[in-house]
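Morning, everyone. Please look at the sequence and the structure on the screen, and then I will go through a few of the features.

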Amino acid sequence: MTTTLQTPAPPGASERSSRSLVDTVFRAREISIAGALVLLVLGTWLTNHRFLSEQGTKDLMLNASILVLLAVGQSVVVITRNIDLSVGSVVGLSAFACGTFVSDTDRNAVLVLLLGMGIGAVCGLVNGFLVSFGRVPALVVTLGTLYIIQGIDHWWAHGEQINASEVPEGVLDLGSGSVIGLPYLSLIAAAVLVAVAYYLRSYRSGRELYAIGSNPDAARLAGVPIRRRVLTAYVLCGTIAGFAGALWLARFGTVVADNAHGWELTVVSAVVVGGVAIVGGVGTVWGAALGAMLLTTIGSALVVLKVDPFWEDAITGALLLAAITADRIVNVRMTRALRKRSARHGHGA
Amino acid sequence: MAMAPEPTGPAAGEAAPIAFEWSRLLRWDVAVGILLVAVFATGAGSTSDFASSSNLSFALNDIAEVGLIALPMTLLVVAGQIDLSVASMLGLASSLVGQLWDAGWTFETIVPVVLVVGVLGGLLNGWLVTSVGLPSLAVTIGTLTLFRGLASVVLGTEAVTQFPATYTDWVREDVPGTFVPYPIALFAVVAVVTAVVLHATGVGRSLYAIGSQEDAAFFAGIRVRRIKLVLFAVSGLFAAFAGIVYTLRYGSARADNGLGLEMVVIASVLLGGVDFNGGRGTLGGAVAGLLLIGILKNLLTLNDVTNEVQVIVTGLLLVLSVLTPRLVESVTTRRQSRALRAGDAPTPPPPSPRPGLSTRTG
Amino acid sequence: MNKSDSVRPPVLALRGVSKSFGAVRALRDVSLELHAGEAHALAGENGAGKSTLIKTLAGVHRPDVGEVLLNGEPVVFHGPKDARDAGIAVIYQEPTLFPDLTIAENIFMGRQPRRSLGRIDHRAVRRTTGELMRRLGVSLDADRLARGLSIADQQIVEIAKALSFDARVLIMDEPTAALTGSEVARLFSVVEALRAEGAAVLFISHRLEEIFSLCQRVTTLRDGRWISSEPVAGLTEDDLVRRMVGRDLDELYPKQQTTIGQVALSVRRLTREGVFRDVSFEVRRGEIVALAGLVGAGRTEVAQAVFGVDRADAGEVRVDGRALPPASPTAAMDAGLALVPEDRRQRGLVMEMSIERNIGLTGLGSLGRGGLVRRALERGRAADWAARLQLKYNRLSDSVEVLSGGNQQKVVLAKWLATKPSVLIVDEPTRGIDVGTKAEVHRALSALAADGLAVLMISSDLPEVLGMADRVLVMHEGLLVAEIPRSEATEESVMAAATGRNTHSGRAA
């Protein structure tokens, strides 16, 4: 096309500086969480060097792995302005199912993982279907499925538990083994994190999840298949939760029906601390993963620092509130700054 | 003349009497009420001990705390808000009661102190929501963790027992001559007050307006922030009070008392047809939902149905409570639009002649 | 220049289309043909069905009866995506952007250029965005978030979106409402270029001169019905207005003579940084003062700051001589101020509430003792005002959703008049309502002023401003730039002030 236009730039056209302002603020979340994490680790290590011994580091990583996985899955749902409260129950069900599956056999670890993912995918499908096609509030539906899945799990387990001695070596190795000091579990979590992050950044359907969370009406007008995408997000979240359940078995060996009971709120906390807005459209899985690591590290640090472990929840809660409050204040300030800036340019033209 | 110079007087109001609308029977909250009656009748017919006054007293008292918390929660949900921190506040209150009692305080001083803590906790929620402008869901997930954490800071894993019989008896005994325990009698009184507030006062009208369209409410001069702040404070107050009742009823103060109870509270309110998105629902519905969950639980227990199955039933009810109205709605709209496409839709009345318009050409 | 070819089928057409929403018939048996290389105007009053027609072409609505034809073949659009894939670009009146995403992402959402394995080619996205911005002659940064963009800049992003997929049909719903003169000129040259390359254009504007300078054909709708389709050449503005309105204009603006009294509302140096500055004016009893200007000039924001919905950074508002505390709508109401907001559905009414409860909402303290609400009083208040404003309804307990736009507006008016205000601010009081109700609203305002009410009327509808106002205040980019008495107010004088021009000059085409 040959449109040529010589009109000068209109008022309000932004220049570099406002972009870098915006950019800095939005990157700031990941950076500040990472900074807090480093400070926490360093501070604790200075008080007690055992914190970063070989075993200490390994423990830190192992503790974080499963929560990181769940936070990654949950972020994908939260980005679309929804929520999945059933993840804790899915982990419990998947772990118990996998435990029953391998109990006193020598079944392959890969099969176990596939089974876990399959169970999770089915749960995610149910949630996603109810939310996207039933058009019912996500919080209520997933609260319902939280109960249902948990009930099925307990009913099935019937108070029994699966002991590490019944679980084949191959599976337990997956949970405790490592290469060059990096536990398998953490490597798996990192791989999932990178894959999901790359998907969200580099695929159309990934970007569309952000579009749905940011402005659902605009997404509809832009031709985004909202229902299908939301369904996909739930299936992904469920699959990851089921996967995490299988890994739970591998990590702990002992499995009861009550596993990961109440974890849903910890996961949501991690996601929100990591800068994923509960109203959707904003945040990255990197942030969510950092949030998860921060929360688990606080727990470990308290033990090492000999702080009463009773403080852990209080600190987590306060941290969550501080993070979202700071976020909000920065946002309000920035909007005001942008408004004044654009006004100055506007009136100057 | 279009503009009458003076109001036509109260006669205009009497011209349109408030008639009973039969369509109301189709509402979800009424359906839950009917279901409640049906379950009760089935239970009374099939299970021998169910309708005995001792069992009913027990079943009712079992929902005392959830009920007390559910009343302000209903108002919050109608206003489009949610408070997930209530069960943690219950735990915090329980811890405080235990710790202060252990420290030798009298019960008469403990109660007001604990209630003040409840109000302060609620104000924190309300302040973060109204002044900082955060979504209540995120805020109260934070305070859920915070309050529960503070509860363990206060009492650790200890359990304080040995409360004076004067108080523990009060929460366990029935109002003389009835099968209604005192906490439930109190619940009933508060429920009536709450129902009046929600359905017959300006505040109640404002709550519905805030819940369905906060902007419109604000533009109509309704003090949106103040109302929300007060609601959260009241929610904290009742959660703390429920904490005291819980502690006395079980005779044990623990930090993890009422863990996860917020889910039961919300399940009851939503099951009663209060719309999670705000602006719709009745207090009667919420109370019906609450009683339904309580009675069902009792009935299933009496019939040796395991706890696991009860949990599943609760979950299913919750999903159905939001899904059914949506399904009914979508079937109705589909039928309507099919009728429109077929062309046999009733034609809207033609715009009636506008008297006075044609003579006003000057 | 491409002449529309009568042998080739139209690129996009509607044939016998009807569409209803509940009881409202938005379109009845409407036909329209868009030809390649032709700019087609769609004319009609607010509420004539233009927006519904556009949404039908855009795949948002599906017609109840009739069909959409693409190159002469019937098609069914199952959603906006189908329409877009058919090469139809729509620029809506209100931009629909994703505030949390960058400008580049907003332009290419769902259509990002891809490289191997289906991955998005981020570099290409950014580069193409840069090219589009250069073509449009603007310097918006591709990586900037859409949040906080001015309306004009948002409009630019929407146009870039349409350009990015070489649309064969470009539909624009009042794209110029928020633009200044130079921005309009730039937009028109882009549209001209697209048309010269063979795109079909459907253009909606309430500025008639734009229709005459840009378009070759014009289709007129009235009350959802097709009225005419004809070449623009040979048509006068008066002809077009007559087709749109279907009656003599005088009837629409029944202005009564009033005696102008004391100052009721006085605004002194009101400022909200970045939005408007140093705004001072007075409104007297019995007077209707219009606040004119382009969309985005800050008029609505001034009204909201006066009413206390937004906080002003500086300045003072007095009602009947008493200063109002800042940022308190409740105090403003007590002082006798009322605001009928522009966005009826979001701010004026609680849509799912009943008529009587909506009207009662502004008087909750006065409907009973001790905070209680007596239903009979609530109903009486509603019935009284419904009768006075000739509201058409079945039952007062019906939700306001089922009313037509005009009747909804009457409910908003009733809700505020019931507070017996001394100053009434109305923001776009007749936007999107049918001509008949429009006249009734005008008559009501006129009668209210005659009874001594001070009325401040924000309106983008110039004939309405000229027909109703005793005085016209004009805002341009956040400043009050002109005050024009009724005797001197003309379309030219108001538009010149609104667009920041000193003299009336021909618009660049």
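Let me start with a term: a residue is called buried under 20% relative accessible area, exposed over 50%, and partly exposed in between, using a 1.4 Å probe and protein chains only. This is a predicted model, so to speak of a local feature we need pLDDT of at least 70, side-chain atom pairs count only at pLDDT 80 or more, and totals for chains, interfaces and linings use all residues. Residues are numbered from 1 along each chain as its sequence is written, chains are lettered from A and ligands numbered from 1 in the order in which they are written, and side-chain values use heavy atoms, without hydrogens and water.

Chain A has 349 residues, and 56% of them count as buried.

Take helix α3 of chain A, residues 87–102. Of its 16 residues, 14 are buried. How far apart should its ends be, at 1.5 Å a residue? The expected span is 1.5 Å times one less than the number of residues, which gives 22 Å, and the end C-alpha atoms are 22 Å apart, in agreement. After α3(A) comes A:Asp104, with a positive phi near 55°.

An unreviewed UniProt entry lists residues 230–250 and 310–330 of chain A among its "transmembrane region" spans; positions are in the numbering used here, feature names are shortened, and annotations may be inferred rather than shown by experiment. In the model, residues 230–250 of chain A are 100% helix, with end C-alpha atoms 30 Å apart. Residues 310–330 of chain A are 95% helix, and there the distance is 31 Å.

Now the rings. Those of Phe, Tyr and Trp (its six-membered ring) pair if their centres lie within 6.5 Å; planes under 30 degrees apart are stacked, over 60 edge-to-face, and the rest tilted. Over all chains there are 15 aromatic pairs. One of them joins A:Trp248 and A:Trp263, edge-to-face, with centres 5.3 Å apart and 70° between the planes. A:Trp248 sits in helix α10 and A:Trp263 in helix α11 of chain A, 15 residues apart. Is A:Trp248 buried or exposed? At 9% relative accessible area, A:Trp248 is buried, whereas A:Trp263, at 24%, is partly exposed.

Methods
Helix = DSSP H or I, 4+ residues; strand = E, 2+ residues; numbered from the N terminus.
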